Amino acid sequence: MSRVYNFSAGPAALPEPVLEQARDELLDWKGLGRSVMEISHRGPDFRDMAAESEADLRELLAIPTNYRVLFLAGGAQVEFSMVPLNLLGEKNSADYLITGHWSEVARAEAERYCRTNIVASGAENDFTSIPDTAVWECDPDAAYLHYTPNETIHGVEFDKVPRVESAPLVADMTSSILSRPLDVGRLGVIYAGAQKNVGPAGLGLVIIREDLLDRGLSITPKVFQYKRQAEADSLANTPPTFAWYVAGLVFKWLKERGGLAAVEAVNRRKAARLYETIDGSGGFYRNPVDPDCRSLMNVPFTLADPSLEEVFLREAESNGLYALKGHPAVGGLRASIYNAMPEAGVDALVAFMKHFHSNKG
Ligand code: PMP
């Protein structure tokens, strides 16, 4: 069987050259006669790889020197707890902006540790738009303000980092990190589960401004104390070594493609083609999200006749187009088009959607 176009929301498709290199190095990495999975994370070979991957990530995102980068076990939901545990300090409240499923799940988890204040919620508009910063009601005592720059399920994305003066901004960038350049200096903490644009599941990235490292609660599990992991170069416990190594290959692949500005241009073209197809279908396909905040990475859509969904998915698969089913929380269909989805994959999907429309419309 040849490879298919995989529109999975995550764990998502990885770049083929990365998979090929990982395959080629699986039995013998760097002439060690072993794979990267079979060596100590404390030895020089792993440490060299770790340092190089961090340097590449720093270059890609232009991470300022006063930020630390952590490669931790777990994924995004682990950070839903670790953010309050590491950032509350003396405070007992945190601000949350709700723009869809994941920001609400993050808020509900934080509520276990502190009071959460909803600064604004897109729920009133069924998460089809992002509340304007002018109406956000921030708590002056909040330890931080958490938001989700890209809502993977609802397909709602911020075009820019919002301007807020109150508390440090914390961003769950699980489904948008590395999709385009980012002004890291405007954020206090960025975190992301790896399984979409970074690498295999099991790894979590945390990028944190140094002055925020001293706010951890003493009950924070030791392996999840950002400060301790920063001091130990993320090696305070055994990290997910293979996932980290693959992430390093992905960073090299992104650099070879010309960095994030070049990647963004491709991502914008891919998303535009899909939204044009949906909007131009005369209502056969529909995406309800305000065009100003449509996601570049996750394109949810529905069919005017939902009974056609199963046929759509079946026929898509027989055309080599996989994992287009929407998240169970909202139903419908969804095309996730992360960095590793080639433009040809989106072209194939668009051609299939037009064909399906003309047959069934
Ligand atoms: N946040 C966002 C924005 C996500 O897309 C996801 C996963 N789809 C999560 C959090 C949860 O990630 P994990 O399964 O790694 O905990």
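Guide: Helices are DSSP runs of H or I with at least four residues, strands are runs of E with at least two, and both are numbered from the N terminus. K30 sits in the loop between helix 1 and helix 2 (44-61). Keep in mind that this is a predicted model.

Visitor: Why is K30 called partly exposed?
Guide: Buried means under 20% relative accessible area, and exposed means over 50%. K30 has 48% relative accessibility, so it counts as partly exposed.

Visitor: Where does S234 lie, and what is its phi?
Guide: S234 lies in the loop between helix 5 (226-231) and helix 6. Its phi is near 65°, again a positive value in a residue other than glycine.

Visitor: Is S234 buried or exposed, and how do you know?
Guide: The relative accessible area of S234 is 2%. The cut-off for buried is under 20%, so S234 is buried.

Visitor: What makes the bond between G10 and P11 a cis peptide bond?
Guide: Look at omega. For the bond joining G10 and P11 it is about -10°, and the bond is cis. Most peptide bonds are trans. P11 is placed in the loop between strand 1 (5-6) and helix 1 (16-24).

Visitor: Now the ligand. Which residues come nearest to it?
Guide: There are 13 residues around the ligand, and Q77, T152, D172, Q195 and K196 come nearest. By class, this shell has three nonpolar, eight polar and two charged residues. Helix 3 (residues 76-87) gives the largest share, three residues.

Visitor: What is the polar contact of N117, and where is N117 found?
Guide: N117 is found in strand 4 (residues 115-121). Its side chain makes a polar contact with the side chain of D95, at 2.8 Å.

Visitor: Why is N117 called buried?
Guide: Its relative accessible area is 16%, and buried means under 20%, so N117 is buried.

Visitor: What about S93: buried or exposed?
Guide: S93 has 2% relative accessibility and so counts as buried. Its place is in strand 3 (residues 93-98).

Visitor: Where is H154, and why is it called buried?
Guide: H154 is in the loop between strand 6 (150-151) and strand 7 (156-157). At 15% relative accessibility it falls under 20%, so H154 counts as buried.

Visitor: Which residues of the largest nonpolar core touch the most other members?
Guide: L57, L61, I177, L178, V198 and I207, out of 56 residues in that core. Helix 6 (residues 241-256) gives the largest share of the core, 10 residues.

Visitor: Why does this core lie between domain 1 and domain 2?
Guide: Domain 1 (16-256) and domain 2 (258-360) both give residues to it, so the core lies between them.

Visitor: How do you know that L57 is buried?
Guide: L57 has 0% relative accessibility, and the cut-off is under 20%, so L57 counts as buried. L57 lies in helix 2. C138 is 81 residues from L57 in sequence and 32 Å away in space, C-alpha to C-alpha.

Key
Residues are numbered from 1 along each chain as its sequence is written. This is a predicted model: local features need pLDDT of at least 70, side-chain atom pairs count only at pLDDT 80 or more; totals for chains, interfaces and linings use all residues. Side-chain values use heavy atoms; hydrogens and water are left out. A residue is near a molecule or strand if one of its heavy atoms lies within 4 Å of it. Ala, Val, Leu, Ile, Met, Phe, Trp, Tyr, Cys and Pro count as nonpolar, Asp, Glu, Lys and Arg as charged, and the others, Gly among them, as polar. A nonpolar core is a set of buried Ala, Val, Leu, Ile, Met, Phe, Trp, Tyr and Cys residues joined through side-chain atoms within 4.5 Å. Buried means under 20% relative accessible area, exposed over 50%, partly exposed in between (1.4 Å probe, protein chains only). Domain bounds come from an automatic or database domain assignment. A polar contact is a pair of N or O atoms within 3.5 Å; within protein, one must be able to donate a hydrogen and the other to accept it, and residues adjacent in sequence count only if both atoms are side-chain atoms.
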